Amino acid sequence: MSTPVQLWALDGGRFTLDRGLMVVGGSGTLTIPVPTYLIRHPRGLVLVDTGLAPAAVEDPEGTYGPLATMLGLDFTEDLRVDRQIEALGFAASDVTHVIISHSHFDHTGGISLFPNAQFLIGAPDLSYAFWPLPAASVFFRSADLEAARGFHWRPLTADLDLFGDGTIRILLMPGHTPGNTSTLVRLEDRHVLLTGDTVHVSEALTAELPMPSDHSTLDSVHSIRRLKDIAHAHEAEVIIQHDFDDWNRLREITKVSG
Ligand SMILES: [Zn+2]
């Protein structure tokens, strides 16, 4: 029996950056969204990722250093994750579970806004965030996790069917980071596969291409193949988190089936 589940894509700002940072062989400049997702389930309100840190609205350089300029950070008060949740008629305190797809700064920024939620994350990402590969260290803001050391963390060492009914499945997809995850959501009429950062642009999915700063290129490629296998098995809509076309497609899908 299917359980009614509602999914929203929340706006969380923009980056404008060199496409070559996002996929091996990429060239030119690209503007990408930094979304999060909210899922209403009969047993809880689930947030997938927390976007950028609220402090970055007023002080992007103070919060992220040179990265703020390098990524052309475009982030305003109304795009804070808690403001986006409020715009849908909920409060941040209504959120019961937060899935952190991985521990990069553009996914961990709002963690401190949800002190009472349960946090689900691929287990290796907790330690990796504090001791990443030097080439990737710029993408972590350990302050986001330091502030949440006392929170309720559930580090995942295997895939998890969050409520045991097949509606929200957290899937380990290591490579981009050691604990990266994707989330498969079953709506009433279809499955949606939220990639996390398993891939960043559509050609990475098609041609199975990693990102230059991935933790493990080989694991990344294996995870992209797994992502495609799972999407095929469930006839799922694959929504690449940082892809504008997918972002718009998801907003259309959730208008209809949300
Ligand atoms: Zn990332």
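Trainee: In which order are the 6 strands of the open sheet arranged, and what kind of pairing do they show?

Mentor: Residue numbers start from 1 in each chain and follow the sequence as written. The model is predicted, so that local features require a pLDDT of at least 70 and side-chain atom pairs a pLDDT of 80 or more, whereas totals for chains, interfaces and linings use all residues.

The open sheet has the strand order 1-4-5-6-7-8, and its pairing is mixed. Its edges are strand 1 (6–10) and strand 8 (152–156), each of which pairs on one side only. On average, neighbouring strands of this sheet are turned by 20° against each other, direction ignored; the axes are lines fitted to C-alpha atoms, for helices over the stretch in contact, and angles run from 0 to 180 degrees between N-to-C directions. Strands here are DSSP runs of E with at least two residues, helices are runs of H or I with at least four, and both are numbered from the N terminus. Two strands pair if DSSP finds at least two bridges between them.

Within the sheet, strand 4 (residues 36–41) pairs with strand 5 in the antiparallel sense over 5 bridges, and R40 has L45 in strand 5 as its bridge partner.

A53 counts as buried because 26 C-beta neighbours lie inside 10 Å; the cut-offs are 20 or more other C-beta atoms within 10 Å for buried, 12 or fewer for exposed, and partly exposed in between, with C-beta atoms placed from the backbone. Leaving out residues up to four places away in sequence, A53 touches T63, G109, G110, R141 and D144, where contact means that the C-beta atoms, placed from the backbone, lie within 7 Å. T63 is 10 residues from A53 along the chain, and their C-alpha atoms are 7.8 Å apart.

Elsewhere, strand 11 (residues 181–186) is largely enclosed by the rest of the structure, because 5 of its 6 residues are buried. Strand 11 runs antiparallel to strand 10 (residues 168–172), joined by 5 bridges, with L172 opposite T181. Strand 11 is also antiparallel to strand 12 (residues 191–194), through 4 bridges, among them that of T183 with L194. A hairpin of 4 residues connects strand 11 to strand 12.

As for the whole protein, buried residues make up 48% of its 258 residues.

Notes
Contact = placed C-beta atoms within 7 Å.
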